[in-house]
Amino acid sequence: MPPTPEQVVLVDDDGRPVGVADKATVHGPSTPRHLAFSCYGFDAAGRLLVTQRARDKRAFPLVWTGTCCGHPAPGEDLADAVHRRLDHELGVRAHDLRLVLPDFGYRASDAGGIEEHEFCPVFVCTLDADPRPRPGEVEAWEWWGWERFLDAAAAGELSPWAALQAPLLADLGGDPRTRRTG
């Protein structure tokens with residue numbers, strides 16, 4: 001029996017579910033708005049795990065971004081989806097996972113004409129180990145100081161979603177590891 005295609009949750013302008021679609025067919029030149037998430041994982045020293053998307057990714061290959069992003073399955077709790085993707089992509093476990101930007105959304109296209117159009121709540125967490133990335137997901141990874149990340153976002157050196165999320169996270173103030181819902 002062939003594997004079940006991965007599905008994404010289609011959402012309206014307010015982020016409410018309105019249907020599902022196969023992930024493989026939903027990302028294209030005109031992508032319907034769908035549910036996603038981003039996660040920023042920090043170590044005990046306050047460094048942020050930054051990842052470079054794998055070269056074989058259909059959208060935004062080889063682009064540097066936050067720790068992890070992905071799509072919850074239909075009916076899956078967002079926090080459970082974050083934990084699942086951190087394990088799948090990076091082989092790490094999140095501790096003290098917190099939702100900090102519950103209403104973030106964006107639309108962006110890459111050089112290949114693939115559009116992202118996502119309602120994308122943002123989480124932060126603590127990681128207690130170096131990642132063991134899956135090659136089809138992550139090309140490279142580094143631990144960065146928070147200011148370096150903010151500078152890279154301002155310079156346009158990160159994914160469009162990370163570049164938009166960085167100043168919003170900074171506006172919350174304080175230590176990114178201890179932020180609460182914004």
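## A polar pair to start

Select Glu-118 and His-71: their side chains make a polar contact at 3.0 Å. Here that term is a pair of N or O atoms within 3.5 Å; within protein, one must be able to donate a hydrogen and the other to accept it, and residues adjacent in sequence count only if both atoms are side-chain atoms.

This is a predicted model: local features need pLDDT of at least 70, side-chain atom pairs count only at pLDDT 80 or more, and totals for chains, interfaces and linings use all residues. Residues are numbered from 1 along each chain as its sequence is written, and side-chain values use heavy atoms, leaving out hydrogens and water.

Stay on Glu-118. It lies in strand β10 (strands are DSSP runs of E, at least two residues, numbered from the N terminus). With a relative accessible area of 5%, Glu-118 is buried (under 20%, 1.4 Å probe, protein chains only). Its contacts (heavy atoms within 4.5 Å), leaving aside neighbours within four places in sequence, include His-27, Arg-33, His-34 and Phe-104.

Next, select Glu-116. Strand β10, residues 115–119, holds this residue too. Glu-116 is buried at 6% relative accessibility. Among the residues it touches, not counting those up to four places away in sequence, are His-27, His-34, Tyr-106 and Trp-161.

Terms used:
Helices (H or I, at least four residues) and strands (E, at least two) are DSSP runs, numbered from the N terminus. Buried means under 20% relative accessible area, exposed over 50%, partly exposed in between (1.4 Å probe, protein chains only).
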